[in-house]
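Trainee: Please take me through one part of this model in detail. I would like to look at the side-chain contacts, both charged and aromatic.

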Amino acid sequence: MADPHDQRFFFALLNLSRFCIDTSLLHRPIAAALLWGAATADASVIPIGIFFELLWLDLFPAGAYVPPNGLLAFTLAAATLRHIPHPSMFLALAVLLGSAMCAHGAAGIELFSRKRQDSAMMRLADTNRRSRMIFFNPDSIVFRAVAEQWVLGWALFLACALVMGIGLRILGLFSLPPTPVSWPVLLAPAFMGGVLSLRTHRALATAAAGLVMAAAAIQLS
């Protein structure tokens, strides 16, 4: 079993790739899953990365838009499922959905953090235009922004892990009898996200039909 501290470090480190460090697609769930699998020699996390990659296939940071934190969702789901010896299908699905909800909430917090950092940039711009204003050191602003993003990554992971753990315990999902986890069935809702990225009426109808069939398959399993 991996140390929980190592997992939080992994998330906090890669979370910097969303805004502070240009690492191209490193923050995408599938890239994080491949790195995790290579580092731990555990290929069981790859389907988790595929799930979130397909779910938010057409969502990426552009302009002022902050997409769901797929890295948080993947790390949270992978860490949770690895520490459950024999999860049931419903428990695995609940972990995936709970992680997706945490990713949406984290996006709102990140947007608030970005606005705070934008205000610091505006103060720096005012300094360049008005020589009488108090000087703001660009190095200190960048260092503070990166440090805040690092702390935010740790805090988000810890808070989301705590909330989801309490939620799963309240719902009594830990006591469900263990059943084999069928990833093809669990990936079906994520495939619907990939279909919806086409943004056509046929894609919407296909996604709706697919969700109905996926729900029936999970119920029968």
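Mentor: Here is a walk through the salt bridges, then the aromatic pairs. Keep in mind that the model is predicted.

Start with the charged side chains. Side chains of opposite charge can pair when their charged atoms come close. A search of the whole structure turns up 2 salt bridges.

Take Arg28 and Glu53. They form a salt bridge, and their closest N and O atoms are 3.0 Å apart. Arg28 sits in the loop between helix H1 (4–15) and helix H2 (29–40), while Glu53 belongs to helix H3 (residues 46–55), so this pair ties together parts that are 25 residues apart in sequence. Both partners, Arg28 and Glu53, are buried.

Now turn to Arg82 and Asp42. Their side chains meet in a salt bridge, with 3.4 Å from N to O. Arg82 is in helix H4 (residues 70–82) and Asp42 is in the loop between H2 and H3, so the contact joins parts that are 40 residues apart in sequence. How buried are these two? The cut-off matters here: buried means under 20% relative accessible area. Arg82 has 18% relative accessibility, so Arg82 counts as buried. Asp42 has a relative accessible area of 18%, so Asp42 is buried too.

Next, the rings. The count comes to 3 aromatic pairs. One of them is Trp36 with Phe74, an edge-to-face pair. Their centres are 5.6 Å apart, and the angle between the planes is 85°. Trp36 lies in helix H2 and Phe74 in helix H4, so the pair ties together parts that are 38 residues apart in sequence. Trp36 is buried, and Phe74 is buried as well.

Phe51 and Phe52 also form an aromatic pair. This one is edge-to-face, at 5.1 Å centre to centre with 85° between the planes. Check their accessibility against the cut-off for buried, under 20%. Phe51 is at 2% relative accessibility, so Phe51 counts as buried. Phe52 is at 1%, so Phe52 counts as buried. Follow the rings onward from here. Ring pairs link Phe51 and Phe52 with Trp56 into a cluster.

Helix H3 carries Glu53, which pairs with Arg28 from the loop between H1 and H2.

Notes: Residues are numbered from 1 along each chain as its sequence is written. This is a predicted model: local features need pLDDT of at least 70, side-chain atom pairs count only at pLDDT 80 or more; totals for chains, interfaces and linings use all residues. Side-chain values use heavy atoms; hydrogens and water are left out. A salt bridge is a side-chain nitrogen of Lys or Arg within 4 Å of a carboxyl oxygen of Asp or Glu. Helices (H or I, at least four residues) and strands (E, at least two) are DSSP runs, numbered from the N terminus. Buried means under 20% relative accessible area, exposed over 50%, partly exposed in between (1.4 Å probe, protein chains only). Rings of Phe, Tyr and Trp (its six-membered ring) pair if their centres lie within 6.5 Å; planes under 30 degrees apart count as stacked, over 60 as edge-to-face and the rest as tilted.
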